[in-house]
Amino acid sequence: MTAPDHSPSVVRDQVSEFFKKQGAEYELRAQLCTDLESMPVEEASIVWPEHNSPHQAIARITFQQQDAYSAARRVFGDDVLWFNPWHCIPAHRPPGSIMRVRITAYEVATAFRHAMNVQPRVQPRSIDEVPT
């Protein structure tokens, strides 16, 4: 038997235990492109200089205490949901050639997973649609 701290699901298990006892708040930060010469969107290997565009808070997400990996949520998350960065308004689509290449990989992976699980693709429009 694998020791719990070496389990392939150790991170998931620790996160689930954390949320059973308390909630959390996350701050999302981003750099805005202010100069295409020093901050090229098409060249992912270039680190954008923070003096040109410091990271700034763009959103805050709050999660309440919950059973984050209940049986119903596991099935919903693993078999039903699908994730795609292009599932957004056009102005928010991911820039850069690397992200454009990934669009096909996302589509092929989700099509295969949903066909194998015999499940429809679902994107909830409300937290009320997510199982507890």
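Which helix is included in what covers the buried residues of H2? In this predicted model, where residues are numbered from 1 along each chain as its sequence is written, local features need pLDDT of at least 70, side-chain atom pairs count only at pLDDT 80 or more, and totals for chains, interfaces and linings use all residues. Side-chain values use heavy atoms, with hydrogens and water left out.

The cover of the buried residues of H2 includes H3, where helices (H or I, at least four residues) and strands (E, at least two) are DSSP runs numbered from the N terminus. The buried residues of helix H2, which spans residues 71-80, are Arg73, Phe76, Asp79 and Val80; buried denotes under 20% relative accessible area, exposed over 50%, and partly exposed the range in between (1.4 Å probe, protein chains only). Within helix H3 (residues 97-117) lies Thr110, which is buried because its relative accessible area is 6%. When residues up to four places away in sequence are not counted, Thr110 touches Trp82 and Arg121, contact being defined as heavy atoms within 4.5 Å. These two partners of Thr110 are also related to each other, since the charged end of Arg121 sits over the ring of Trp82, 5.3 Å from its centre, a placement that requires NZ of Lys or CZ of Arg within 6 Å of the ring centre and within 35 degrees of the ring normal.

Helix H1 (residues 10-21) has 12 residues and reaches 17 Å from its first C-alpha to its last, close to the 16 Å expected at 1.5 Å a residue, the expected span being 1.5 Å times one less than the number of residues. Val10, Ser16 and Phe19 are the buried residues of H1, and their cover includes strand E1 (24-30) and strand E2 (56-63).

Across the whole structure, a search finds 4 aromatic pairs, for which rings of Phe, Tyr and Trp (its six-membered ring) must have centres within 6.5 Å, with planes under 30 degrees apart counted as stacked, over 60 as edge-to-face and the rest as tilted. The rings of Tyr26 and Phe63 are edge-to-face, because their centres lie 5.9 Å apart and their planes stand at 80°. This pair links distant parts of the chain, with Tyr26 in strand E1 and Phe63 in strand E2, 37 residues apart. Tyr26 is partly exposed, at 40% relative accessible area, and Phe63 likewise counts as partly exposed, at 37%. Trp86 and Tyr106 also form an edge-to-face pair, 5.8 Å centre to centre with 70° between the planes.
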